[in-house]
Amino acid sequence: MMNCFICITALLLASLNAANGFHIVLAGGTGKVGRELSSKLVQDGHDVTILCRNAFLAAAPSKVSSDFGWLGQSFLEKYPGIKLRDWDGGDLLDIVGQDWVGWQDDALSKADCVVNLCGGFTQQREMATERIVRESLRCNPTALQITVAPKDEE
C-alpha cells in the first residue's frame, strides 16, 4: 500500500514540478505522509490547504491528543504556504473543529488538485473519502482528484 502511495505521490510531484503556483488541497494531511507531501509541495512553490478535523490541535505547539493529526506550530511557521482548514471529515454527527462551515467553498473552489489521504480503514474514513470526492466534484469538477483509500484487508 505504501509503495502505491509513494508512486502516486511521485507522479503528482513530477506533473506539478513543471509549473509553480498550484493550489493543492490535502484531506487528512496532518499525518506523517501529509507532512512530507505538504512540505515538499510548498518548497516547490505551491500553496497547500490541509483539511483537518481540528485545526487548533493540529497547529498546537505540542501534541495534546493522539486522536487527531498534528503538524505543530513550528512546522507551520517554517512552511507559511501551508494553511489548515477545519472540515466535517464526512461525519456530520461527529464534528470536532469549531469553524468547519463553508470548507467546501473556501478550500475546494480554488483547488487545482485535491489529494485525499483519509484512507479507508474505518467507516468514518470511508465517509470522509466519499465526502471529499463528492464535494470536490460539486464545487470544482475540473480539479485533479487523487484518492488513496485502502481497505483493512489491503
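Q: Which residues of the largest nonpolar core touch the most other members?
A: The model is predicted, so local features need pLDDT of at least 70 and side-chain atom pairs count only at pLDDT 80 or more, while totals for chains, interfaces and linings use all residues. Residues are numbered from 1 along each chain as its sequence is written, and side-chain values use heavy atoms, with hydrogens and water left out. A nonpolar core is a set of buried (under 20% relative accessible area, 1.4 Å probe, protein chains only) Ala, Val, Leu, Ile, Met, Phe, Trp, Tyr and Cys residues joined through side-chain atoms within 4.5 Å. Of the 16 residues in this core, those that touch the most other members are I24, L26, V48, I50, F75, I82 and V115.

Q: Which element gives the largest share of this core?
A: Two or more residues come from each of β1 (23-27), α2 (32-43), β2, α4 (73-78) and β4 (113-116), where helices (H or I, at least four residues) and strands (E, at least two) are DSSP runs numbered from the N terminus. The largest share, 3 residues, belongs to α2.

Q: Which strands stand at the edges of the sheet, and why is one side of each left without a neighbour?
A: The open sheet has 5 strands in the order β3-β2-β1-β4-β5, with parallel pairing; two strands pair if DSSP finds at least two bridges between them. Each edge strand has a single partner strand, so one side is left without a neighbour in the sheet, and these strands are β3 (82-86) and β5 (144-147).

Q: Which residue of β3 is the bridge partner of L51?
A: Strand β2 (residues 47-52) pairs with β3 in the parallel sense over 5 bridges. In β3, the partner of L51 is R85.

Methods. Buried < 20%, exposed > 50% of the residue type's maximum accessible area, 1.4 Å probe, protein only.
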